[in-house]
Amino acid sequence: MARRLALGLLLAASLTATASAAGHQVSWAVMDARTGRIIADEGGSTLHPPASLAKMMTLYLTFEALRSGRLHWDDRITMSSNAASKVRMKLNVKAGTTLTVREAVNGMIIISANDAATAMGEHLAGSEAAFGRMMTEKAHRLGMKNTIFVTPSGLTAKARQVTTPEDMARLGLALKRDFPAQYPLFAQRAFTFRGRQLHGHNNLMYRYGGVDGIKTGYTDASGYNLVSSLNADGHHLIGVVLGGATARSRDDKMAALLTKYSKASGAVARAEEEDEDDQPDAKPMTVASTSAPKAHSAKIRGKGKRGDAVELEQGDGGEPLEKVEAGRWKVQAGTSATRDGANALKDKVATVLKSSNPKARGEVVRSGKGKQQIFKVRFAGFASSADANKACSALKKKKLDCLAIAAQG
């Protein structure tokens, strides 16, 4: 097993740079879930960063621990400083406090909570790195021979993590096959967490009849990723789209694939407008409990209130590390719901950075629209990743969120 993991890491190191340099090239695969056979693909074995699709494996291992009795739904896991420091999306649980396994699972599934995923990985394996190895070993046992996981959350890491459309289809099938009691949790649209109503952003699931999950993913390095399961009129498919340019184009591609390969009147996208805020919260249901759609359309109409979800989907704000030139590093120092709040944060960060990096230039960047709009605080002018990370260390000592990122363009 150690030799196989070493060979896998070598494969990832040699091929990921090529995949990243090619940009967000879309690859896809469609599996017949009854037979486990890939029935169509385009670049099905192409390597891509998994982004938050990695949480599917974190959840698989969590469900395994629940089945074995190592975990129980009401067990409490501790939020470490490392887990609490992860970028959005997250549950915003303070370091040193706890959350239940149930809260962590719902957080991972519904809002793709990076802090919950990290805390779960640390709880099960002792560290992110150890859990990454556990994830990769399980992936290979499930036949995901071209997949390397590094982090429980899927956020971009220094070590390269990669997967393929075919491998992610195998993981989607494994979740449905091995955990039929837990799989319906992927159909949830929202949940209440400590008085806050948190909504998911798997928009295709809300608008395409027969789609019962599974998971979205996004980072700058990966583009927009999606694994979807379709169960309608006797057709049972798992589709995977990796490297989409936007959430909208990714969802439209998936809808077209499911329609083409299901060849069933019930397996088509709903054409009528739906706003998920007007829908009741979904409860766990059987895989076959979705209703047939009312009309035929290959594309999803209307953006709804969540639109393309931009970086809020699960973004880490990072660029592929191998593309970064000297002097092209920034520090992202947190976000605010208002521009005034972001400006206040910018001033506070500037005070901390003044002594170590007097040339650092602060900026406020707006991201998203409507309810998803936030204002990011960033500082440019760092000569290397080491300088940017050093600045982050100084900010974290002052209890300020921070992430070193590669400047674009």
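Against which helices and strands do the buried residues of H5 pack?

## Helix H5

They pack against helix H2 (54-68), strand S3 (76-78), helix H3 (81-84), strand S4 (98-100), helix H4 (101-110) and helix H6 (128-141). This is a predicted model, in which local features need pLDDT of at least 70, side-chain atom pairs count only at pLDDT 80 or more, and totals for chains, interfaces and linings use all residues. Residues are numbered from 1 along each chain as its sequence is written, and side-chain values use heavy atoms, with hydrogens and water left out.

Helices (H or I, at least four residues) and strands (E, at least two) are DSSP runs, numbered from the N terminus. H5 covers residues 114-125. Its 12 residues should span 16 Å at 1.5 Å a residue, and the end C-alpha atoms are 16 Å apart, which agrees. The expected span is 1.5 Å times one less than the number of residues. Of the 12 residues, 10 are buried (under 20% relative accessible area, 1.4 Å probe, protein chains only; exposed is over 50%, partly exposed in between). Among them are Asn-114, Met-120 and Leu-124. Just after H5, Gly-126 takes a positive phi of about 100 degrees.

## Nonpolar cores

A nonpolar core is a set of buried Ala, Val, Leu, Ile, Met, Phe, Trp, Tyr and Cys residues joined through side-chain atoms within 4.5 Å. The largest has 57 residues, and Met-57 and Leu-91 have the most contacts inside it. H2 gives the most to this core, with nine residues. A second, separate core of 21 residues includes Trp-329, Phe-375, Cys-392 and Leu-395.

Contact means heavy atoms within 4.5 Å. Leaving aside neighbours within four places in sequence, Met-57 touches residues including Met-135, Leu-142, Phe-149 and Leu-171 by contact.

## The open sheet

Five strands form an open sheet in the order S2-S1-S9-S8-S7, with antiparallel pairing. Two strands pair if DSSP finds at least two bridges between them. Strand S2 (37-42) and strand S7 (211-219) stand at the edges, each with a single partner strand, so one side of each is left without a neighbour in the sheet.

S7 and strand S8 (residues 223-232) pair over seven bridges in the antiparallel sense. Val-227 in S8 is the bridge partner of Lys-215. Helix H9 (residues 247-262) lies across strand S1 (27-32), S2, S7, S8 and S9, at about 150 degrees to S9. Axes are lines fitted to C-alpha atoms, for helices over the stretch in contact, and angles run from 0 to 180 degrees between N-to-C directions.
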